[in-house]
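Hello,

The structure we talked about is below. My notes follow it.

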Amino acid sequence: MGELVRDFEREHPGIHVSVQQIPWTAAHEKLLTAHVGGSLPDLGQLGNSWISEFGTLRALAPLDPWLARGGLSRSAFFGGIWDTNVLDGVTYGVPWYVDTRLLFYRRDLLARAGYQSMPTTWEGWHECLRAIHRRSGRFAIFLPTNEWMSPVVLGLQAGSPLLADGGTRGAFREPAYRRAFEFYVGLFREHLAPAIGFNEIANKYQELERGTFAMMVTGPWELGEFARRLPDSLQTQWATAAMPGPDGPGVSFAGGSSLVLFRGTKHPAEAWALVEFLSRPEQQVRFWRLTGDLPARREAWADTTLSSDVRTRAFGEQLQRTVPCPMVPEWEEIATRVYEQADRAIRGVVPPDTALADLDRIVDRLLEKRRWLATRHAAGARRS
Amino acid sequence: MSAPAGGGLAWRQARAGLLLALPSAALILVFFFGPVLYGLWLSLTDFDLYAIGDPSAARFVGLGNYAQALGAPDFWNSLRITLVYAFVGAPLSVAVSLAAALLVDARTTRWKPFFRAVYFAPVVTTLVAVAIVWRYLYQPQYGLVNAFLGRFGIPHVDWLGDPHWALPAILGLAVWKNFGYNLLIFVAGLQNVPRELHEAAELDGASGWQRFWAVTLPDLAPVFLFVSVTTVINYFQLFAEPYVMTQGGPLKSTNSLVLLMYEQGFRWWRLGYAAALAFLLFAVILAATAVQMRLQARERRA
């Protein structure tokens, strides 16, 4: 980061940037406290799942006036990722780097089960998982039961909006989500996936090496981890593949980090100049080289090193098909409830239908405030 | 009755007293009762994320937050865990403190200041640093705790990952981390036990154990009351240990009430609800302390 900022300062002699780095795990709390204390910086990096929260807190400056000057626009970025920065029609962030989830798998175990590549439909995928299980007598895939990613991504793939009525009610009992949920729960009931969370497994790389399972759903940081942690004998055997979908290549979730201007900034023009600088394709590529974070800008992917690595290319392909999670500040908590209820169905405590009914009931209660705000808003609009 | 116009001695003394007390009284009023009253008001509203952005989005909900808490399984789960912390962890901690204090204070012990310092060291060590070491100790495959137990043929335990063992694991850390503080208080108390009483008891042929029950403990009673009340209150408010070790998991098995409050207030920003949880915790601590005081008072009368 220091390297990029130095170049920016060289280009803009009048601007001095002071960068404060905070660990990712502490960033959320620190920024919120800074907001309440009125000590936010001019510009910051924000996880794009936090945009709706900080937007609701009125901590972010709308970027539309700056975007209107030209230079940066939605079409230069992956669409699904861009949309995570838009709240009620107002743009609050510019994607900086992206994150999505897809399949990491062992080619040799797939080949042993008779598959040369990853199927692209749920049906084909399901068959493939069964074949691996039959062949090895072990699990086929690791889907941690205490993580919301898989049950949510499958829902998005089935076309479920997850929330209905402008994010004021749960839509988990509707047919689209039900289909995904039954598919997901079925993977555990058929013993294709172990019903355990990620803290019940000491070292997933080791388990993959042992063949406890043949694949898992995870994110881009794993490219480096796999290269580092898997033994040499497996280095040619692991691969990545975009997510299968209900009827052909599926979507995945649109994650990543955005650059935002905070509302209290006294130097919006200078801050925006830095946003534009960091969003240039060549700077995006440099940032990727320095950190391994995948660029959000499409042009950056034309870079040969990014597109020549076949494992990275799967991410490029997946990024063409991403869908944001619902843009409500309650989302993080709702996501927690999703896997809690899925876990109950997986362990057979309740049938899937009951779990979904409970989930909708819990989510509806969480969103009560939003319904009240919507009614109040509508009443206000009628009066004026 | 009114004070004489010129101001009698009593009145002048009272005025001086008031003036002297005023600064600290004002501070307590502003920085203690003020926030407490504000918190009480907050607990009657649904103040949340939306209200931070726009205060008019807060609604008065009466006792709604309290009703919601009492109807929530999460609250009862955390209350149960908090009671375990308070009524298993605190007595354990006091017992360890007392035992260590007796050792440190024993006539035959040498290098007393050294041992006092060693036992006090964990209290002043940063918890985050301690947590890193303890996570290594508890590590299921390579940790020292399991390696030690393994020598006796006890199978490996996933201390922090198993919902049944995480709570005892956290208690072990908390007791180790905090017992040194009470140890110092006990040592001070022990030094006030008159030697003559011990010598007299010895002449009467009392064994060490009998002297402990008949001489040491009764003389320590006031110290004991202070230590047990403050320790129980501290364990009711246990937060940092589970926060850095397990974040309340696995399966919420170490989620104390304060941790639940923190999560509701500062993770999900339901500040009204979190304030209600705070007052419920206050009520629980008040009740527990009242019971403790009464028990000890009865003991003293008996």
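Helices (H or I, at least four residues) and strands (E, at least two) are DSSP runs, numbered from the N terminus. This is a predicted model, in which local features need pLDDT of at least 70, side-chain atom pairs count only at pLDDT 80 or more, and totals for chains, interfaces and linings use all residues. Residues are numbered from 1 along each chain as its sequence is written, while chains are lettered from A and ligands numbered from 1 in the order in which they are written.

Two loop residues come first. A:D88 sits in the loop between β2 (86-87) and β3 (90-91) of chain A, and its phi is near 50 degrees, a positive value in a residue other than glycine. A:D165 lies in the loop between β7 (163-164) and β8 (169-170) of chain A; its phi is also positive, about 50 degrees, although A:D165 is not a glycine.

Next, the sheet. Four strands of chain A form an open sheet with mixed pairing, in the order β6-β9-β5-β10 (strands pair if DSSP finds at least two bridges between them). Its edge strands, each pairing on one side only, are β6 (141-142) and β10 of chain A. Four bridges join β5(A) and β10(A) in the antiparallel sense, and A:F104 stands opposite A:T240 in β10(A).

α15(A) packs on this sheet, touching β5 and β10 of chain A (contact: C-beta atoms, placed from the backbone, within 7 Å). The direction of α15(A) makes about 10 degrees with that of β10(A) (axes are lines fitted to C-alpha atoms, for helices over the stretch in contact, and angles run from 0 to 180 degrees between N-to-C directions).

Regards

Terms used. Contact = placed C-beta atoms within 7 Å.
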